[in-house]
Amino acid sequence: MASVSPRPGAAKGDYPWWLVALVAIGLAIAVVIAANDIYAQVFGVILKGLWVTIFVTIVGFALATLLGLGVALLGLSDHAPLRQVARFYTEVIRGVPILVLLFYIAFVGAPALVALANLVIAPLVAAGYVEPLLVRDVSLMWRAIIALMIGYSAFIGEVFRAGIQSVDKGQVEAAKALGLSRTQRFRLVVFPQAIRVILPPLGNDFVAMVKDSSLVSVLGVSDITQMAKVYASGSFRFFETYSIVAYVYLILTIGLSVALRGLEQRLRRGIER
């Protein structure tokens with residue numbers, strides 16, 4: 001769910017009644033879950049996958065952010081070949097659906113990576129120092145994390161690129177005149193200003209990854225969605241199960257969206273000062 005930004009024509013004192021309504025509905029559902037044994041049982045089962053969802057999202061997003069920053073810096077390089085490599089990577093990855101990327105990384109990329117690693121450590125294996133790697137040594141959860149990292153890095157790279165390019169070139173030239181190196185200009189002048197532009201869309205991508213993390217269930221990773229699938233297929237309580245799943249995801253995404261809106265408003269006030 002994208003972060004909620006105030007409408008251009010909305011009054012500054014426009015009270016968020018929509019949020020009050022959502023909180024009231026959420027509390028009412030919580031009471032139903034606590035009072036109903038079936039819903040309480042479903043909720044308990046689904047919560048077992050919550051930490052997997054959180055872990056996959058946080059680790060995948062952190063790695064995607066680092067990779068995306070690297071792609072953005074390549075795209076802004078003074079060397080044309082590096083810029084072309086970054087553009088090639090971005091366009092290819094953005095053109096592949098996340099679900100297809102998950103399957104590709106899990107069943108094509110991981111075996112290829114293991115084969116490459118075994119080729120590198122072949123002398124050590126021959127000498128008896130290490131055992132050759134097996135495909136099953138790479139867990140499905142980490143294959144899913146790598147797929148999310150690669151898939152989101154292309155989008156995050158574009159966010160970083162746009163944010164960095166939004167910094168006035170005159171300030172960069174002034175930093176050059178002061179004798180700052182390229183690294184110092186980026187660290188002290190460009191990035192502190194660009195981060196104000198980068199954070200809102202970066203936050204939106206984080207919320208989107210929370211939702212897209214549900215796709216890892218197709219690999220059998222025991223996240224919220226997978227726990228729900230297993231429980232529903234055994235109990236045939238599809239309505240109760242997937243209603244709770246939607247409820248949990250809404251709590252996560254709306255909570256993050258509200259927090260991001262508050263952060264965005266604080267940044268805006270900081271700029272106005």
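Let me start with Glu240, which is buried at 18% relative accessibility; buried means under 20% relative accessible area, exposed over 50%, and partly exposed in between, with a 1.4 Å probe and protein chains only. This is a predicted model, where local features need pLDDT of at least 70, side-chain atom pairs count only at pLDDT 80 or more, and totals for chains, interfaces and linings use all residues. Residues are numbered from 1 along each chain as its sequence is written, and side-chain values use heavy atoms, leaving out hydrogens and water.

The side chain of Glu240 meets that of Arg237 in a salt bridge, 3.8 Å from N to O. The term stands for a side-chain nitrogen of Lys or Arg within 4 Å of a carboxyl oxygen of Asp or Glu. Arg237 is partly exposed, at 32%.

How many salt bridges does this rule give? The count is 6. Shared partners join Arg87, Glu91, Arg94, Glu158 and Arg161 into one network.

Within that group, Glu91 pairs with Arg87, with the closest N and O atoms 2.7 Å apart. Both lie in helix H4, residues 80–94, and are 4 residues apart, about one turn of the helix. Helices here are DSSP runs of H or I, at least four residues, numbered from the N terminus. Glu91 is partly exposed at 39%, and Arg87 is partly exposed at 32%.

Glu158 and Arg161 also form a salt bridge, at 3.0 Å from N to O. These two sit 3 residues apart in helix H7. Glu158 is buried at 16%, whereas Arg161 is partly exposed at 22%.
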